[in-house]
Amino acid sequence: MTTIKDIAKITGFSPATISRVLNEDESISVKDSTRQEILKVAEDLAYVSKKKFLKKEETIGVVQWISSDAEIEDPYYSSLRLAVESFFVKEKIPTKIYYKENFEEIFQDKNILGLVCLGKFSLDQAHDFYKVSKNLVFVDFNPDEKHFHSVVPDLKGATEDLLAYLKEMGHREIGFIGGRERLGKTNSLFIDIRERTFEQVMKNDGHFIYNPIYKKVRDFDAATGYDLMTSILKDDHVPTAFICASDSLAMGALRALGDQKNLAREKISIVGYNDIGLSAFTNPPLTTVKINIKQMGDMAGTLMTYIMKNKLSSPVNIFVKTELVERESVYKLDQVDVI
């Protein structure tokens with residue numbers, strides 16, 4: 001995609017001058033020859049300015065799959081929404097935010113040029129959004145990779161990496177604490193890729209001892225992590241490590257470990273996902289998977305601006321790799337260690 005910097009390299013004029021000429025800034029005073037040279041090079045490089053595809057009253061809709069109240073309690077989705085908005089602010093492209101409670105406004109707004117949809121939407125919802133605008137980018141989850149553009153974190157790879165790390169640290173019996181969600185108007189049950197990958201690897205890797213009673217799911221919040229771990233600790237024998245499908249779940253699980261009196265069970269290893277700000281300040285500091293939310297927001301915005309300028313024949317699906325952040329919540333075991 002051609003940028004103003006590309007035109008500057010060829011013409012020798014400053015990016016500021018080129019930007020003002022291409023955006024038809026009437027207040028700038030330049031020679032006609034300068035103006036014509038800039039326009040000629042821009043045409044040769046197939047540059048399309050924002051003014052060419054974005055009218056004054058048009059906006060990009062940013063659709064948050066949860067309610068505004070729920071977003072306050074969800075550091076992942078609130079950060080993701082801010083990352084997407086930040087990209088468009090820097091690009092001087094206006095946005096309008098839609099939450100679960102006001103989805104219907106999307107279908108009444110005639111000035112939506114594109115939709116960036118954050119979170120887990122059903123296929124029916126995706127088709128409804130497509131009727132509003134064909135410029136459609138899903139972020140975090142793609143309802144149909146064969147038909148829609150998306151930017152998603154590689155949670156399958158992240159889960160495989162976590163299990164490989166716990167295996168390296170000597171753990172064989174590993175539990176899972178996760179959440180279940182329901183999508184769309186029909187409230188269809190959605191089973192998270194982290195849960196599915198955990199179960200698949202635990203069953204197929206001969207190193208691990210898989211016991212389905214230690215795969216617990218409810219909601220993606222700290223209260224769930226606390227309640228489920230408290231229940232698990234009532235058993236005589238428990239796994240030496242647990243994968244929690246979010247940092248919030250992991251924090252609740254750590255609190256449950258800290259509340260009981262068995263010093264050995266305080267050494268149960270806990271890992272999470274997201275690397276939210278508080279994860280470095282838990283007791284002990286949480287080992288987690290870092291999801292680069294800023295990069296996801298930038299990629300989603302870049303993809304949206306690209307598809308607005310170019311007609312694509314195939315969907316673009318971008319997978320953003322994660323990074324394991326090692327802290328102190330995972331303990332290395334000898335084969336004789338038993339909890």
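What follows is a set of questions and answers about a sheet, its helices and a core.

This is a predicted model, in which local features need pLDDT of at least 70 and side-chain atom pairs count only at pLDDT 80 or more, while totals for chains, interfaces and linings use all residues. Residues are numbered from 1 along each chain as its sequence is written, and side-chain values use heavy atoms, with hydrogens and water left out.

Visitor: In what order do the strands of the open sheet of six strands stand?
Guide: Strands here are DSSP runs of E of at least two residues and helices are runs of H or I of at least four, numbered from the N terminus, and two strands pair if DSSP finds at least two bridges between them. The pairing in this open sheet is mixed, and the order is β9-β6-β10-β11-β12-β14.

Visitor: Why is one side of β9 and of β14 left without a neighbour in the sheet?
Guide: Both β9 (215-218) and β14 stand at the edges, so one side of each lacks a neighbour in the sheet, and the reason is that each has a single partner strand.

Visitor: Which residue is the bridge partner of Thr288 in β14?
Guide: Strand β12 (residues 287-290) is joined to β11 (residues 269-274) by four bridges in parallel, whereas three bridges join β12 to β14 (residues 323-325) in the antiparallel sense. In β14, the partner of Thr288 is Val325.

Visitor: Why do the buried residues of α10 line one face of the helix?
Guide: Buried means under 20% relative accessible area, exposed over 50% and partly exposed in between, with a 1.4 Å probe and protein chains only. In α10 (residues 222-232), the buried residues are Thr224, Gly225, Leu228, Met229 and Ile232. They line one face because, seen down the axis and judged by the directions from the helix axis to the C-beta atoms, they fall within an arc of 115°.

Visitor: Which residues touch the most other members of the largest nonpolar core?
Guide: A nonpolar core is a set of buried Ala, Val, Leu, Ile, Met, Phe, Trp, Tyr and Cys residues joined through side-chain atoms within 4.5 Å. With contact meaning heavy atoms within 4.5 Å, and not counting residues up to four places away in sequence, Ile270 touches residues including Met229, Phe242 and Val330. Of the 82 residues in this core, those that touch the most other members are Ile243 and Ile270.

Note on methods:
Axes are lines fitted to C-alpha atoms, for helices over the stretch in contact, and angles run from 0 to 180 degrees between N-to-C directions.
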